[in-house]
Amino acid sequence: MARDDLYIAVPSSFRCPISLDVMKSPVSLCTGVTYDRASIQRWLDSGNNTCPATMQVLESKDLVPNRNLQRLIQIWLDSVARRQLDADSVRNSAAVPSQNQVKLLVKHLDINCFSSLTKIICFARESEENREFLAKMGGFFSKVLDFMRNAESGIKIVEQVVKILDLMLTKISDKKPLLETNCLSTILLVLQSGNSDSQIEAVRLLESIAVDGESKLKIGQKEGLVAELVKSLRKENPRLIEASLSFFIAITMPKRIKTVVIQYRIIPELKYLLSQPNTTTSITEKALELLEELSTCKEGRVEIWHDSVLLGRIGETVLKVSSNATEHAVAILWSGCYLFRDRKAQEAVASSNGMTKLLLLMQSNCSPAVRQMSGDLVKVLGVNYKLCLSNYDTKTTHIMPC
């Protein structure tokens with residue numbers, strides 16, 4: 001839709017007396033009259049030795065930069081740009097800005113920044129091409145990160161910044177600045193006070209920067225961060241819970257991080273998730289995968305295997321949820337009962353009808369690894385496989401395909 005451009009009155013002192021355009025590089029002659037450098041240089045290069053405005057003969061052809069006037073012109077140009085942005089916003093706040101408009105938005109990002117960030121988000125969401133354009137724009141990420149580093153930015157501004165970073169995750173080549181203490185503090189603020197969408201975006205952002213042992217350790221040691229993420233597992237937003245579980249799975253490879261996470265009582269939260277009747281398949285799978293990872297360290301093994309209720313919940317998921325859930329559950333039980341021969345774990349599995357499912361698994365079309373672990377469990381628990389099999393009517397039992 002066509003629209004009239006803003007009418008902008010240009011101060012006469014900002015115009016070059018020769019070209020009548022706003023001066024880009026104002027310079028003064030010895031007569032005291034100021035011109036745009038390109039215009040006056042052409043005049044002198046043509047063989048003229050007078051001042052175009054006064055026609056005085058020039059005693060000197062030196063051009064002296066008029067710094068004060070140049071500064072005033074720049075202030076005025078910035079003001080015009082802001083007015084143009086505001087006018088565009090009023091005319092059509094829902095429109096996706098053009099590339100030229102985005103360049104102006106980024107340039108003046110410290111002015112009316114909430115509105116500008118909102119428009120940049122709109123632009124980034126529109127297409128992969130737009131996100132590529134932003135990524136290649138010099139100084140864009142630097143300006144965005146300045147808001148993350150500034151403790152006074154405010155939660156609304158920070159939420160917008162996190163949203164932009166989440167949209168641009170695959171375009172950020174150097175994510176180390178996000179591991180700075182101030183940036184991690186800002187992410188923690190979003191987890192504590194942001195809305196649900198912002199919290200999910202913050203968790204995804206954390207997962208994306210946890211790329212090696214050093215970064216994982218830095219995140220794990222940031223005061224309050226792990227505790228807040230563990231708390232998110234009790235919130236009623238399945239997307240947030242799933243994002244948090246994915247983050248913990250990604251970050252808990254180093255033993256030191258496993259220990260930190262266990263200290264913040266994550267295992268009881270996973271037990272709670274497995275006990276809820278409305279827990280989604282994806283959350284169940286991720287909770288079991290995380291428990292399997294935590295069981296690889298001593299502290300995790302002790303807490304998991306000595307909790308008969310938790311082991312019962314793990315056993316209940318076998319053949320009931322999905323093939324992935326079954327594989328993680330069996331791996332946890334195999335580790336405790338067979339690999340480490342923990343007596344309490346063996347007693348808990350034996351007393352929770354776990355043997356029935358293990359026998360069924362040995363006959364099912366589950367993966368060879370699951371069948372092998374099931375066979376190992378049957379052997380270590382001292383059950384006579386043939387006797388149990390003859391006493392169990394598999395024909396009347398529904399076995400979920402693995």
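**Helix packing and selected residues in a predicted chain**

Let me begin with Gly 300, which is found in helix 16, residues 298-305. Helices here are DSSP runs of H or I of at least four residues, strands are runs of E of at least two, and both are numbered from the N terminus. Gly 300 counts as buried, at 0% relative accessibility. By buried I mean under 20% relative accessible area, by exposed over 50%, and by partly exposed anything in between, with a 1.4 Å probe and protein chains only. Residues up to four places away in sequence aside, Gly 300 touches Ile 262, Ile 267, Leu 294 and Ser 295; contact means heavy atoms within 4.5 Å. Gly 300 and Ile 267 are 33 residues apart along the chain, and 8.1 Å separates their C-alpha atoms.

A word on the source. This is a predicted model, in which local features need pLDDT of at least 70 and side-chain atom pairs count only at pLDDT 80 or more, while totals for chains, interfaces and linings use all residues. Residues are numbered from 1 along each chain as its sequence is written, and side-chain values use heavy atoms, leaving out hydrogens and water.

Now the chain as a whole. Its secondary structure comes to 22 helices and three strands. There are 402 residues, of which 46% count as buried. Among contacts with a separation of 6 or more, 64% are between residues 24 or more positions apart.

I return to Ile 267, as this residue also takes part in a helix pair. In general, two packed helices are described by the angle between their axes and the distance between the axes. Helix 14, residues 266-275, packs on helix 17, residues 308-316, at an angle of about 45 degrees, and the axes are 10 Å apart. Axes are lines fitted to C-alpha atoms, for helices over the stretch in contact, and angles run from 0 to 180 degrees between N-to-C directions. Helix 14 and helix 17 are therefore oblique to each other: angles under 35 degrees count as roughly parallel, over 145 as roughly antiparallel, 65 to 115 as roughly perpendicular, and the rest as oblique. Helix 14 contributes Ile 267, Lys 271, Leu 274 and Ser 275 to the contact, and helix 17 contributes Val 309, Leu 310, Arg 313 and Ile 314. These residues divide into five nonpolar, one polar and two charged. In this scheme Ala, Val, Leu, Ile, Met, Phe, Trp, Tyr, Cys and Pro are nonpolar, Asp, Glu, Lys and Arg are charged, and the others, Gly among them, are polar.

Two loop residues deserve mention here. Arg 265, in the loop between helix 13 (255-263) and helix 14, has a positive phi of about 65 degrees although it is not a glycine. Leu 319, in the loop between helix 17 and helix 18 (323-339), also has a positive phi, near 65 degrees. Which of the classes, buried or partly exposed, does Arg 265 belong to? At 48% relative accessibility, Arg 265 counts as partly exposed, whereas Leu 319, at 13%, counts as buried.

Ile 120, Phe 123, Ala 124, Arg 125 and Glu 126 of helix 4 meet Asn 130, Arg 131, Phe 133 and Leu 134 of helix 5.
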